[in-house]
Amino acid sequence: MKIRHATVSDAGQIVRIINAAFEIEREFRRGERTSPSEVLTSISEKHGIFLVAEDEGRLVGAVEVRVEGNAGYFGMLAVDASVRRGGIGRALVEAAEAHCRSAGCSVMTMSTGENRTELIPYYEKMGYRVAAVEPSTNPAFKYPIRVVKMEKPL
C-alpha cells in the first residue's frame, strides 16, 4: 500500500469511498457526505489536498487535508469496508500530520459529530484530545447535533 496526493482523476473513487464510509450517518445527515465537485474543489485549493491510500492500483482510503496558518486540519477520513481495521486510517492520519508538519503547522485539528461515539476513542488513541464541543449550524444535519472538535500538538 502507498499513500499519495490525489489527482483530479481520483475524484470519483474518493467520493465512492467517503460516501460509503459515511453511510452510517444517514440517521442524522441529509444526502451524501460529499460530491465530485466538492472533492475537485478541495483538490484544486491552494491550502487543501486529498491524500489517498492505494493498494495494487486500487484506491482504498482517502482523507482531506488543509493548512490554515499554523493549524493543520483533516476531515472525511474514510477507508473501504473491505480493508478496514488494517491500519490504513491511521496511516492516512499520520501522512496528513506529516504533510501539515512540513507546512509549518504546530497543531493538527479535526472534528466529528458527537453521535459518532466510536470515533472519539479512536482519535484519542492517536493522541488527539477534545478541545471543544459546540452546536453545529450545518444545514446538512436533519436535527441539531453537537460537533466535537479535537486537536493534537505536532
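At a relative accessibility of 8%, R29 counts as buried, where buried means under 20% relative accessible area, exposed over 50% and partly exposed in between, computed with a 1.4 Å probe and with protein chains only. R29 sits in the loop between helix 1 and helix 2, and once its neighbours within four places in sequence are set aside, R29 is in contact with A140, F141 and K142, a contact being defined by heavy atoms within 4.5 Å.

## Basis of the model

The model is a predicted one, in which local features need pLDDT of at least 70 and side-chain atom pairs count only at pLDDT 80 or more, whereas totals for chains, interfaces and linings use all residues. Residues are numbered from 1 along each chain as its sequence is written, and side-chain values use heavy atoms, with hydrogens and water left out.

## Overall fold

The protein has four helices and seven strands, these being DSSP runs numbered from the N terminus (H or I with at least four residues for helices, E with at least two for strands). In sequence order, the pattern of these elements is β-α-α-β-β-β-α-β-α-β-β. The radius of gyration is 15 Å, close to the 15 Å that the globule rule gives for 154 residues, so the protein is as compact as a globular protein of that length; the radius is taken over C-alpha atoms, and the rule is 2.2 Å times the number of residues to the power 0.38. The C-alpha trace spans about 40 × 35 × 30 Å along its principal axes.

Of the 154 residues, 46% are buried, and among contacts with a separation of 6 or more, 63% come from residues 24 or more positions apart. The accessible surface comes to about 8000 Å², with 52% of it belonging to carbon and sulfur atoms; the areas come from the Shrake-Rupley method with a 1.4 Å probe, and for residues only the protein chains shown count as cover. The mean positions of the 21 positive and 20 negative charges are 1 Å apart, where Lys and Arg count as positive and Asp and Glu as negative, while His and the chain ends are not counted. Each charge is placed at NZ of Lys, CZ of Arg, CG of Asp or CD of Glu.

## Helix 1 and its cover

In helix 1, the residues A11, I14, V15, I17, I18, N19 and A21 are buried, and what covers the buried residues of this helix includes helix 2 (36–44), strand 2 (48–55), strand 3 (58–68) and strand 4 (71–79). In general, an α-helix has 3.6 residues a turn, so residues three or four places apart point the same way.

V15 has a relative accessible area of 10% and is buried; leaving aside neighbours within four places in sequence, V15 is in contact with T34, S35, P36 and V39. The C-alpha atoms of V15 and P36 are separated by 6.2 Å, although the two residues are 21 residues apart along the chain. N19, which lies in helix 1 (residues 11–21), is buried with a relative accessible area of 11%, and beyond its neighbours within four places in sequence, N19 is in contact with E32, R33 and T34. The side chains of N19 and E32 make a polar contact at 3.5 Å, a polar contact being a pair of N or O atoms within 3.5 Å, of which, within protein, one must be able to donate a hydrogen and the other to accept it, and for which residues adjacent in sequence count only if both atoms are side-chain atoms.

## S37 in helix 2

S37 is placed in helix 2, and its side chain is joined to that of S35 by a polar contact of 3.2 Å. Between S37 and A11 the C-alpha distance is 8.5 Å, with 26 residues separating the two in sequence.

## Backbone angles and an exposed loop

Most residues other than glycine have a negative phi. M76, which is not a glycine, has a positive phi of about 55°; M76 lies in strand 4 and, at 5% relative accessibility, counts as buried. R85, likewise not a glycine, has a positive phi of about 70°, but R85 is in the loop between strand 4 and helix 3 (88–102) and, at 87% relative accessibility, counts as exposed.

P139 is found in the loop between strand 6 (129–135) and strand 7 (146–153) and counts as exposed at 66% relative accessibility. P139 and A98 are 41 residues apart in sequence, and their C-alpha atoms are 32 Å apart in space.
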